[in-house]
Amino acid sequence: MTTLRSVRQVAKGLPTSDGAGVKLTRVIGNQYVKNLDPFLMLDEFKSDDKADYMAGFPMHPHRGFETVTYMLKGAFRHGDNQGNTGYLAPGSIQWMTAGRGIVHEEMPNQEDGPVWGFQLWVNLPAKHKMTAPRYQDIRPEQVPEVELENGKVKVLVGNFQGVIGPVEDVVTDPLYLDFHLNEGATQRIDIPGNKSAFVYVYQGSAQIGTTELPERHLGILGDGEGLEVTSTAADTRLLVVAGDPIQEPVVQYGPFVMNTVDEVQQAIVDYNEGRF
Ligand code: CO
């Protein structure tokens, strides 16, 4: 018999802004949830007001980890200093391995209308921090959707009941699922016991064991192999994300995430001298 995971911490996302002034909700990487190895940050950006997002995220560097952008509504375009470009349509996911370094921009590809999506930062272990940069730009139609008895799930990364998501070869072997559950639906999800895992309710509300998770709340899961989540509102939508903890020192200075202060200082020098 497998042990069900319970919620060991509930945290509300905090309003903040980043990039050139994009308003967003920081769910992981704030004062309440510093990080959740291997996850460094989770942001939700959601607005119908172009003033909240039009400034975008102009050219900025990353080194030592991976950024994962999942769009629900609206579109962004992406470009880097190596000439790579990409288009992030609603329902698409971009898994970007920054590795030894990229300099890129992420800008809205629309004049107005709604924007809604998530950016997750996933750490890399020491021996992979200086790997070559890589993009996996996944189009919406490449993401498998599984019909459930009382809802549906998009399998973005990892394995759900034998259905495999399109993102491949990620060191921390993650699971990234987007559930839509009707009111009263109870869904069982297998999550291997070695993984760190969380649930983020981005619409509606849910219950895990005796813990209520209102909208825009994160539930960090405790030990166990399985998860049982019940939707307590009409059309509840939630992310279930898990990954292997890296268990190494984390030294972060903005967009540089390394193991030591010396490595962060080297990243700043390399960036300033144009070696990204
Ligand atoms: Co970026």
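This is a predicted model: local features need pLDDT of at least 70, side-chain atom pairs count only at pLDDT 80 or more; totals for chains, interfaces and linings use all residues.

Reader: How many residues lie between β13 and β14 in their hairpin?

Author: Strands here are DSSP runs (E, at least two residues), numbered from the N terminus, and two of them pair if DSSP finds at least two bridges between them. Strand β13 (residues 145-148) meets β14 in the antiparallel sense over four bridges. The residues between β13 and β14 in this hairpin number two.

Reader: Why is β14 described as largely enclosed by the rest of the structure?

Author: β14 also pairs with strand β17 (residues 175-181), antiparallel and over six bridges, and there G151 has L181 as its bridge partner. Buried means under 20% relative accessible area, exposed over 50%, and partly exposed in between (1.4 Å probe, protein chains only). Strand β14 (residues 151-157) is largely enclosed because its buried residues number five of the seven.

Reader: Which strands stand at the edges of the open sheet of four strands?

Author: The pairing in this sheet is antiparallel, and the order is β5-β10-β7-β8. Each edge strand has a single partner, so one side of it is left without a neighbour in the sheet. The edge strands are β5 (57-62) and β8 (85-88).

Reader: Which residue of β10 is the bridge partner of H78?

Author: Strand β7 (residues 76-80) and strand β10 (residues 102-108) are joined by five bridges in the antiparallel sense. Within β10, the partner of H78 is E106.

Reader: Which arrangement do the four donor atoms form around the cobalt ion?

Author: Donors are N, O and S atoms within 2.8 Å of the metal (3.2 Å for Na, K and Ca); water is not among the atoms, so sites may look incomplete. The protein donors of the cobalt ion are H60 (NE2), H62 (NE2), H104 (NE2) and E106 (OE), at 2.1 to 2.5 Å. Four donors count as tetrahedral if all angles lie between 85 and 135 degrees; four count as square planar and six as octahedral if opposite donors are over 155 degrees apart and all others between 65 and 115, and anything else is irregular. The angles here run from 83 to 177 degrees, which makes the arrangement irregular.

Reader: Is H60 buried or exposed?

Author: E106 has 8% relative accessibility and counts as buried. For H60 the relative accessibility is 18%, so H60 also counts as buried.

Reader: Is Q82 buried or exposed?

Author: Q82 lies in the loop between β7 and β8. Its C-alpha atom is separated by 37 Å from that of G162, 80 residues apart along the chain. With a relative accessible area of 55%, Q82 is exposed.

Technical notes
Residues are numbered from 1 along each chain as its sequence is written. Side-chain values use heavy atoms; hydrogens and water are left out.
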